[in-house]
Amino acid sequence: MSYYRPPKIASSEITPKSLYLRRRELIAGAGGAIALTALGRPALAAPLKAVPSQYTVDDKPTLKEAVTTYNNFYEFGTGKEDPSRNAGSLKTRPWTIEVGGLVAKPQVIDIETIMSEFTMGERTYRMRCVEAWSMVIPWIGFPLSALLDKVEPLGSAKYVAFETLVRPEEMQGQAGIFQALEWPYVEGLRLDEARNPLAILATGLYGEMLPNQNGAPIRLVVPWKYGFKGIKSIVKITLTEQEPPSTWNRLQPSEYGFYANVNPAVDHPRWSQATERRIGEAEGLFGGARLDTLPFNGYADEVAGLYAGMDLTKFY
Ligand SMILES: Nc1nc2c(c(=O)[nH]1)N[C@H]1C(S)=C(S)[C@@H](COP(=O)(O)O)O[C@H]1N2
Ligand SMILES: [Mo]
């Protein structure tokens, strides 16, 4: 089977290392502090300091209005516009992430510590939902590997498990009789996938704090995988020896794999994955133009090596 080459990351986008390191210092000096309102909650439009990254694609970013109003976040309802209508009730401060399991230094890390300790970078990534629509999102975040380094995974650790908050008082999709999913929403990566430089924890988009509907205050972004792997509003990260459960795989294992790498050669049982609808590229806010879907969502150069032994015509 023949794959065509995805568009390369433009070499003009690659920041010379000296400049990159100098910018890092400038940012570190600025302290990465977030403006807080009188209520002690982060000002919504607070600009985030971020280092431009070489991991940015040339595709035109999707309109911010579409990125923040066409969402999947079932904790706030199953409709695309439910999260932007309903997620305002989520309190994102105080917020901690419990990082533990097979690590030398388990710890509970406060979001403010994360915001100030890690150097944030801006990365414009393609995002391909398993439902065959896609966007291009300028995220702000930092490599997941930096957080893993902090807790020092043990040699026995093979996977990283993630969990979203459970708080039905603030997440209306978790309250009431109809439950779309089993909570908490859970996801996982193999440790070497988690350590790939493309895997980030995002705290912002479009130069601002992450809106609640996009997974505030911190969510996973793994751009070579289907969107459902990008778990939102994370409260727990656990290093494990066994492959951890993931929400959509558990719900329907024949339709949603644990790996879920974007693959135009393997169709969903109910629809083709060969093409996608690029939101914002046709009339109307959510209108989409048909584009060919790329293997690994166009990130094969960076990640294909992780799956050297796998048959890419098969479902994983
Ligand atoms: N906790 C949680 N995380 C989630 C989801 C969800 O329902 N709950 N939906 C996933 C799906 S299917 C997609 S496509 C992306 C959507 O991210 P976005 O709304 O920021 O574009 O979030 C993923 N992360
Ligand atoms: Mo999705």
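Student: What is the volume of the second largest cavity?
Tutor: The second largest cavity has a volume of about 80 Å³. A cavity here is a set of points on a 1 Å grid over the protein atoms alone where a 1.4 Å probe fits but cannot get out, and the volume is the space filled by probe spheres set on the points, which are joined across faces, edges and corners.

Student: Which residues are closest to its centre?
Tutor: Among the 13 residues that line the second largest cavity, Met-127, Val-221, Val-222, Gly-227 and Gly-230 are the closest to its centre, where a lining residue has an atom within 4 Å of a point. Strand S4 (121–128) and strand S10 (219–221) each supply at least two residues of this lining, strands being DSSP runs of E of at least two residues and helices runs of H or I of at least four, numbered from the N terminus.

Student: Before we go on, what should I keep in mind about the model and the numbering?
Tutor: This is a predicted model, in which local features need pLDDT of at least 70 and side-chain atom pairs count only at pLDDT 80 or more, while totals for chains, interfaces and linings use all residues. Residues are numbered from 1 along each chain as its sequence is written, and side-chain values use heavy atoms, with hydrogens and water left out.

Student: OK, and how much space lies in the largest cavity?
Tutor: About 270 Å³ of space lies in the largest cavity, and its lining consists of 26 residues, with Tyr-226, Ala-260, Asn-261, Asn-263 and Tyr-316 nearest its centre.

Student: Switching to rings, how many aromatic pairs are there?
Tutor: The search of the whole structure finds 13 aromatic pairs, counted where ring centres of Phe, Tyr or Trp (its six-membered ring) lie within 6.5 Å, with planes under 30 degrees apart called stacked, over 60 edge-to-face and the rest tilted. Phe-118 and Phe-142 are stacked, because their ring centres are 4.4 Å apart and their planes are at 10°.

Student: Where do those two sit in the chain?
Tutor: Phe-118 is in the loop between helix H4 (111–117) and S4, whereas Phe-142 is in strand S5 (residues 133–143), so that the pair links distant parts of the chain, 24 residues apart.

Student: Is Phe-142 buried or exposed?
Tutor: Phe-142 counts as buried at 1% relative accessibility, buried meaning under 20% relative accessible area, exposed over 50% and partly exposed in between, with a 1.4 Å probe and protein chains only.

Student: Which residue lies over the face of Phe-258?
Tutor: Lys-229 does, at 4.2 Å from the ring centre, the criterion being NZ of Lys or CZ of Arg within 6 Å of the ring centre and within 35 degrees of the ring normal.

Conventions. Chains are lettered from A and ligands numbered from 1 in the order in which they are written. On a 1 Å grid over the protein atoms alone, a cavity is a set of points where a 1.4 Å probe fits but cannot get out, and a pocket is an open set with protein on both sides within 12 Å along at least five of seven lines; lining residues have an atom within 4 Å of a point.
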